[in-house]
Amino acid sequence: MMLFDDTEIFSSGSGGRKIFDVPDAELLLIDNFFNKEESDHYYNFLYRTTHWREYEMPMYDKVVTAPRMIAWYGDSSRPERKSNPDWPPELLAVRERVEQETRIQFNAVLLNLYRSGGDGVGWHSDKTSSSNKNMNIASVTFGETRIFRLRHKILKHIPPIEIPLHHGTFLLMAGNTNTYWEHQVPKTARPVLPRINLTFRQVRQT
């Protein structure tokens, strides 16, 4: 039996607002985008009420279960993605805050649940069909702090970027970022609590 809630030991970032000066990318980081009270509320709500599911993905010559759980909400019904058009009010409130900050309208969100340090995601660029020429992805984290890494696909002399994404942190990858950069959330052997990440997207509606 737990003697405390997970949220009691989640830490908010203190780095403020930062724009990364790197080639072929538009990266904006805002720590404490949601304050501690707000972040605790959204973490508890999403963790307990989201219909999380596992999914399978191809890896080399086989199909494996991804080391994380997901959920997907979209403004239009896309059966192939098991899209849920019925956004809960809390998720709509997070989207509204993100849209106010970015002045970009998003019509879908992918939720990832990293249950422990054994969950992660390898190097990749997002392949979701975007409604715009540039794939703008707005990310919000609730829960345990995990490292988010980026590396340039072509300019190998540029050092990889490591960004700790804290409880309530916001990250915008805009412009050509997804075209020229890959990203990952590495697994860790450290004992860590769950992390929920929301990535808001502009999906081409059909």
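First, a term: helices (H or I, at least four residues) and strands (E, at least two) are DSSP runs, numbered from the N terminus. With that, I counted three helices and 13 strands in the chain.

Ground rules next. I am looking at a predicted model, where local features need pLDDT of at least 70, side-chain atom pairs count only at pLDDT 80 or more, and totals for chains, interfaces and linings use all residues. Residues are numbered from 1 along each chain as its sequence is written, and side-chain values use heavy atoms, with hydrogens and water left out.

**Entry: the whole chain**

How many of the residues count as buried? I used these cut-offs: buried is under 20% relative accessible area, exposed is over 50%, and partly exposed is in between (1.4 Å probe, protein chains only). Of the 206 residues, 53% count as buried. I also looked at contacts, meaning heavy atoms within 4.5 Å. Among contacts with a separation of 6 or more, 76% come from residues 24 or more positions apart.

**Entry: two helices crossing**

I picked α1 (residues 36–49) and α2 (residues 89–102), whose axes come within 10 Å and cross at roughly 135 degrees. For the record, axes are lines fitted to C-alpha atoms, for helices over the stretch in contact, and angles run from 0 to 180 degrees between N-to-C directions.

**Entry: Thr49 and Thr50**

Thr49 lies in helix α1, while Thr50 sits in the loop between α1 and β3 (56–59). Are they buried or exposed? Thr49 is partly exposed at 39% relative accessible area, but Thr50 is buried at 9%.

I then checked their side chains. A polar atom of the Thr49 side chain lies 2.6 Å from the backbone oxygen of Phe45. The Thr50 side chain reaches the backbone oxygen of Leu46 at 2.7 Å. Both went down as polar contacts, a term for a pair of N or O atoms within 3.5 Å; within protein, one must be able to donate a hydrogen and the other to accept it, and residues adjacent in sequence count only if both atoms are side-chain atoms.

Leaving aside neighbours within four places in sequence, Thr50 is in contact with Phe45, Ala71 and Leu111.

**Entry: Thr102**

Thr102 is found in helix α2 and counts as buried, at 15% relative accessibility. What does the side chain of Thr102 reach at 2.9 Å? I found the backbone oxygen of Val98. A polar atom of this side chain also lies 3.2 Å from the backbone nitrogen of Ile104. Not counting residues up to four places away in sequence, Thr102 touches Phe170 and Leu172.

**Entry: Met135**

Last stop: Met135, in the loop between β7 (121–124) and β8 (137–143). Met135 is buried, at 13%. Met135 and Arg201 are 66 residues apart in sequence, yet 7.6 Å apart in space, C-alpha to C-alpha.
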